[in-house]
Amino acid sequence: MAKTKKDKGVVGMRICECRHRDGMVQYYLAHSYYAKESDSFRVYRGKLAHRLGMADRPVDETTFKQLVENRNPTTGDKLTPRDGKAVHAYDLNFHAPKGVSVMSKIGGDSRIGRAMLEASNETMEHAQERALCRVRKDDANYSKRTGELLWAEFPDSHSRPVGGVPDPHEHVHNVVFNATYDSNEGTYKS
């Protein structure tokens, strides 16, 4: 998203494919600065999270790893039919401009972090409404709206530390797992 002279500040969004199972667990949980430096609460969100009984539950290493490995954390069974997916999740991450982040942390304005999280949640709800799956049963081949996603929300107000020192950086990572629910077929799909 390009910033113009008229802009007072832009919240940027990036979408990254998460292709490496072990790397995801390490990056977001095990050895990440999120696990050590985060001053925010990490939770599961989305209609699929509700369906699985995980909505608003804290993100922990066990359930996160199960989802990364395409397992239903409630039953231990496969979540979607195929384990060998190339993309296990998508990281939709939102970033505030540096000046806004500085005002939040150094200026002590806690409203900024809350506003970032609210904007992130609102955007994720819009994305969820447009979630699709492929229908291939009985030689069909089309996309169908499901309106259900599951994501792990990682809000943070610091950048990765450089030389052991993080900078103020308001941002939210939403790790959207490559799964949805097809209510017509009564099955989970990628």
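Analyst: Here's a walk through that pocket, with a bit of background on the protein to begin with.

This is a predicted model, so local features need pLDDT of at least 70, side-chain atom pairs count only at pLDDT 80 or more, and totals for chains, interfaces and linings use all residues. Residues are numbered from 1 along each chain as its sequence is written, and side-chain values use heavy atoms, with hydrogens and water left out.

The protein has 6 helices and 9 strands (DSSP runs numbered from the N terminus, H or I of at least four residues for helices, E of at least two for strands). Of its 190 residues, 42% are buried, where buried means under 20% relative accessible area, exposed over 50%, and partly exposed in between, with a 1.4 Å probe and protein chains only.

The largest pocket holds about 340 Å³ of space. Its lining has 15 residues, and the closest to the centre are Arg82, Arg134, Arg136, Lys189 and Ser190. Two elements each give two or more residues to that lining: β4 (132–135) and β9 (187–189). The largest share, 4 residues, comes from β4.

A word on how that's worked out: on a 1 Å grid over the protein atoms alone, a pocket is an open set of points where a 1.4 Å probe fits, with protein on both sides within 12 Å along at least five of seven lines, and lining residues have an atom within 4 Å of a point. Points are joined across faces, edges and corners, and the volume is the space filled by probe spheres set on them.

By class, the lining has 7 charged, 5 nonpolar and 3 polar residues. Here Asp, Glu, Lys and Arg count as charged, Ala, Val, Leu, Ile, Met, Phe, Trp, Tyr, Cys and Pro as nonpolar, and the others, Gly among them, as polar.

Lys189 forms a salt bridge with Asp182, and their closest N and O atoms are 2.9 Å apart (a salt bridge is a side-chain nitrogen of Lys or Arg within 4 Å of a carboxyl oxygen of Asp or Glu). Side chains of opposite charge can pair when their charged atoms come close. Both partners are covered: Lys189 counts as buried at 11% relative accessibility, and Asp182 at 1%. The pair belongs to a network of salt bridges that links Lys144, Asp182, Glu185 and Lys189. Across the whole structure, a search finds 10 salt bridges.
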